[in-house]
Amino acid sequence: MLFKGINNKLRPQSLDLHQFLSVPFYFLSTSLTFFAFFPNLSQQNMIVCVAVVGHQNNPLYLQSFTGSDDALKLHHIVHCSLDVIDERVNNPKRSASTLNETFLGLLYPTENYKVYGYLTNTKVKFIMVTTDLDVKDADVRSFFRKFHAAYVDAVCNPFHVPGKKITSNSFSERVGAIVRSFGPSMTL
Amino acid sequence: MEDYPEELRTPPVSLVCLTGCPELHHPISAFLHSEQPPINTLALPDFSKASVLARKKNRDPLSQPTPAPPSGILKRDWLLKHRTRVPAVVAALFRADQISGDPAQWLQACTDLENLKSLIHGRSTRLVVVLVQTQAAEELSEDVMTALRKRAEIDSKHLVEFVQNDASDLRQSLNKLASLFAELCLTYYKEEGRRIRSIIEKKSSPFPELNIRYCFKIAIYAEFRRDWSEALKFYEEAYRVLREMANTSTRLPPIQRLVEIKTIAEQIHFKISTLLLHGGKIMEAVARFLKHIKTYKRLVGLPEVDFLHWEWFSRQFLVFAELLETTAASAPSSQSPRFGTSESPFSEWEFQPAYYYQLAANYLREKRCCLEQSSVSKTDLPTKITEAPDSVMPSIHIGQSARLVEEGDIVTVLPLSDAEYVAYALAEAERFQDCYEIIALYKRAQESFSSHGSQRMACLCTLGMAREYYASDDFTNSKQLFDTVAAMYRREGWAPLLWEVLGYLRDCGKRLGLTNEYTAYSLEMAALPVFSTGFEETIDFGPAGPATLSREEIQREVLNFAVETDGDPEPVGLDVDLVSPLRSVLLVAVAFHEQSVKPDSVASLTVSLLSHLPLLFKVDLLEVEFNQPACNFSMSIPLEVSPNKWLRLTHEVKSGQSGKLECLTVKAKINNNLIICCRAESPALMEDLTSWKYENQRETYPTLDPALSLSGQKSIQVDEPNPLVDLTLNSIGPALVGEVFQIPVLVVSTGHVIHGGELKINLVDARGGGMLMSPRETDESDAHHVELLSISGLPEEKEDDLNTDLSEETKSDNIRKIQYSFGVVSVPVLKEGESWCCNLEIRWHRPKSVMVYVSLGYNPGDVDQRVNVHRSLQIEGKVPFFTNHRFMMPFRREPLLISNIRSLISPLEEKKVSLALKENNIVIVSAKNCTDVPLNLVSMKIVPEGGTDSNEKLFLVQEISGISNKCTRFVPGEEFRGVFSITPLVAKSSLSLGVVCVEWTRDSKNQDQPETVTTKHSLPQVCVEEPPLVAAIECPPFAIVGDPFSLYIKVKNNTNLLQEIKYSLGDSQNFIFCGAHVHTASILPGKEHVLSYKFVPFSAGVQQLPRITITSVRYSAQLTPSIAAGTIFVYPAEPKFSLEKNGSELVV
């Protein structure tokens, strides 16, 4: 608990040069791999977590892209946003135009994150957590489309058992690439 | 929200001051208060009290020549002052007699008015003079009124007469007064607002504080007159200026400056939110709140007082949640079609108070963390600063504090330095226990979330509560809450979240001294599928610690914990049932290799153990328990259980007891002090482990043979021992309906001694259905188609006469119970080689195929178990005779039956045989043996219904030809005919002729007196009617060529009417005859008409007589004799018959 306040400040939220300088050191200390992945550090704050959740609301894949201490917090956020998905999916007042809509929209309001949801036709849920508070719906939709395609490829693998967790490395790499390419308009 | 002063929380209400005539104050106040909008009253009983209205000397700072900087933004009591002390209208009440009467009184009134005028001088407060009249009659003169008005310097409409003599007048006066007050209040607040607005517009103030203050005041005045949109506009303006000021102001030391700004911002924001929410603009309110939060979130201030910021921040959420809750009715449920999309950027929770409660709790936790830090760092500071000043109190400005210094009688208020303020704030903050407040907030959030069906969010709030209890060392409550949270995460398989909760639970168990719980939680943690994520060092897992290392550590700790307390006589026992989370620690599958086994033979079974603990461990002793304790076994060889790998043990058991043998539990003793008692599970019915079933692992089977893993059961059926008894059922061919059919049953012991033998007989329809009766006939006595009559031929009965003593003894415990299709009979004790027999007597009422099931149950001797032998036999029930009947008329005699003619005309009517009254009607009954065995026919007779000895004879029966011999043998297929004559005596439309009884016996040579069985065939209902005409042909039995003979046709009229008949005779080449060819005749009632013809035959042989036709005109009926009736045999010459001894010639 003691480090929480300090880390909050370290997490660059406004793109301020002073804070930027602290970031590489911070990442160096925690995860070298991520540093290698992100030559442009402005993007690593975009998506902090993606998750695939199965029929029993069980996690099938959860990857966080943050080096800080809030991996568990992201678990909680993803878990709680399932409530909103349940409510939206079971809400009978959906109009005809939204019946076949897979994109569920903004799920969970937090001050630091935005959580978006997506429901495939096989009732598998995708959840994405981003720190970009001004993200556009179109970008999120396109992200989910790509993510869905990657998921479909992963579960088409004959060695994947349906309903089990996704442990494929190539899936992880592909998801990493999709996450990195998210929101290309965002620059320094 | 309750912390806010009343005047801030409620909308402002206009204030009116009443003075003079105190007895009227109460009704006027009450009336004004109940008006819409209400008006508050400041009631001064007499004019001397009016000095409270006096104004203090504080001039507008801007109007002074050199404007001094203001010492604060808003004065603490300003709002209260305007709500309680500064009226918009002052009303002076005078009695009419006071004015018009005594000059001294008039003078007094004038003085009072002057005083009032001077008090409100300089303000825009309105003066109203009310003249109170007790009676409408005492009207004041115009002069007095004018004088008074001039004295008071008011308009004529501000001088009001108040008449109170009766209720309607009073009401009218009150209404008039109220509308005047409302109008004046409106004017007053509008003018005040305009005045301050003009100040802002005129002079651009160098001090933003004043701008804020003026905007706030304008907004308040606008609220007074319920102009919400203007109020909102100026609050927004004040809020904006305040936010700008935060970066520029240097008036106060930085910490206190920020505190003041935030306090003001909070109040202004509260006003804005309230206005928006009460105006139904919930979306705007939420958006405004989010903006407020975003604006101030990073305005933390100096690190030593950041706890003040988070406390303030938390309060923002709490207040907004409470505001939302009080206006919950207007939450948009149907407004937004879909949340979370571009149409509606909000999500569902942002309209729920629970969400804000939860965040308030989160920030209060943040506050506590910062406070703890500040308290720690406080000790590092020099002591002189850390000392809090003695008497700190809120200053006259909102959001500021000041120090009160007393020097003798003089009390001075001094400003505080930042260091003093920090010390004061710290000391204040440490006095409060935040954790209870945090728990209360989480509780409110949790209840609200669960009522909305958001269980996971409620679960997160519960987790927050549990953490708080844990932090405040209340482990009992904490454990209880953590348990509910853990159940949720377990169900959905969120292992990392469960890991954290279990870490807390484990610690709670440890602190509470619950060894079993501690061990159970630890083992569950160790067996969780939590793997490396790469961030273990930084993840805040609570007391659980990072996952990857700890799983092994925890296992080592728990298992070695057992070793350390080796001297402890009581080992830790854990029960693992089918729903326990500890199944992942040790899962036991037991599968028998076969489904059934013979008694006393060996059955193999596989006991498989699976553990998901990260390290290998040794099981010192494995005890396997069955429902038959004799089969229990244990293994004391140390067994090594590897992680995630089935350990399969095959063992053999032998059971001597028939029935089900089931494995109940398997106890594993680990390190001598941990005993895990697992419920055995069948591999076929085994459920996946909730935590591991989604893990992408290789699928393994508990048994080597995968098929056994899918079908294996933890129980096996132990068969009964083989019976050493012969049970035989014999039968002789098919059974015949009606007879008592005997089936001999023979029981021979071939090895077992039969004790307590019991023979059960069951008759079941062979075609299925089981019913031996037709459902409609259940009430009748012979409803059962097949009936078990009795069991005969028992040895006891035969020997009954010989040894009565013994049989009585045996009879007492004999069971003998016979029902229609079921029977039980007891079998005596039979030693080896002995036999016992009986006959089952069964009667068939209908032809039916029946299965006879016979089962013998007995105790074979010393062993206490039953052995059963079953036999069955299918027996066909057959009808012995196929019986038929036919009705005829006597030869050459034809009665005219009207019903026969009618049935010819309308053939659809029910066909019923008609018999002629008092005529001999012939019935021929045929019976055919349709069995495979020869039968003896004993008799055949027609028995009238209700017996032969009926009082009234309806008809006469005469047997014309029957059985000549006593007993006639019929081979299969042979037919017998009996001829009966029936003469009805009564005309009846429906007459029952009774039944034909055929008595027969089986043709068996070995039986001396076979039983006679009667088979019945019922004759149909007939119609007996009187024929109107009866025609009879009389003709000799034969004729001789060339020899004439006579033929008479006699037609009798049985009616009382004259009957006309036509008759005709055709030609024939074999005969010549004399008589009319065609003619008519009339027959008198009751008479008989005879037509006489003489015939001479020409040729010999069987000859056809000429065709005779008789027609009844009345009935349109024609009689043509049948061919047989119209045939005669003609001899070529007179026949010579051999004569009898007496020499008499046969004469026709």
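**Entry: a strand and its neighbours**

I began with strand β28 (residues 849-859) of chain B and found that ten bridges join it to β29(B), the two running antiparallel. I remind myself that this is a predicted model. Next I picked out one pair: B:Ser855 has B:His870 in β29(B) as its bridge partner.

Which other strand did I find paired with β29 (residues 867-878) of chain B? Strand β21 (residues 735-736) of chain B pairs with it in the parallel sense, over two bridges. There I saw B:Leu736 standing opposite B:Lys878.

**Entry: helix α6**

I moved on to helix α6 (residues 142-152) of chain B and looked up its buried residues, which are B:Val144, B:Met145, B:Leu148 and B:Ala152. Why do they line one face of the helix? Seen down the axis of α6(B), they fall within an arc of 100°, so one face holds them. I also recalled a handy rule: an α-helix has 3.6 residues a turn, so residues three or four places apart point the same way.

On the other side of α6(B) I found B:Glu142, B:Asp143 and B:Lys150 exposed. I then checked what the buried residues pack against, and noted α4 (96-100), α5 (103-119), β4 (126-133) and β5 (159-163) of chain B. Just after the helix, I noticed that B:Glu153 takes a positive phi of about 55°.

**Entry: the whole chain**

Finally I stepped back and counted 25 helices and 52 strands in chain B. Of its 1148 residues, 48% are buried. For contacts in chain B with a separation of 6 or more, I noted that 74% come from residues 24 or more positions apart.

Notes: Residues numbered from 1 in each chain as written. Chains lettered and ligands numbered in written order. Predicted model: local features only at pLDDT ≥ 70, side-chain atom pairs only at ≥ 80, totals over all residues. Heavy atoms only, no water. Helix = DSSP H or I, 4+ residues; strand = E, 2+ residues; numbered from the N terminus. Buried < 20%, exposed > 50% of the residue type's maximum accessible area, 1.4 Å probe, protein only. Contact = heavy atoms within 4.5 Å. Arc of directions from axis to C-beta. Pairing = 2+ DSSP bridges.
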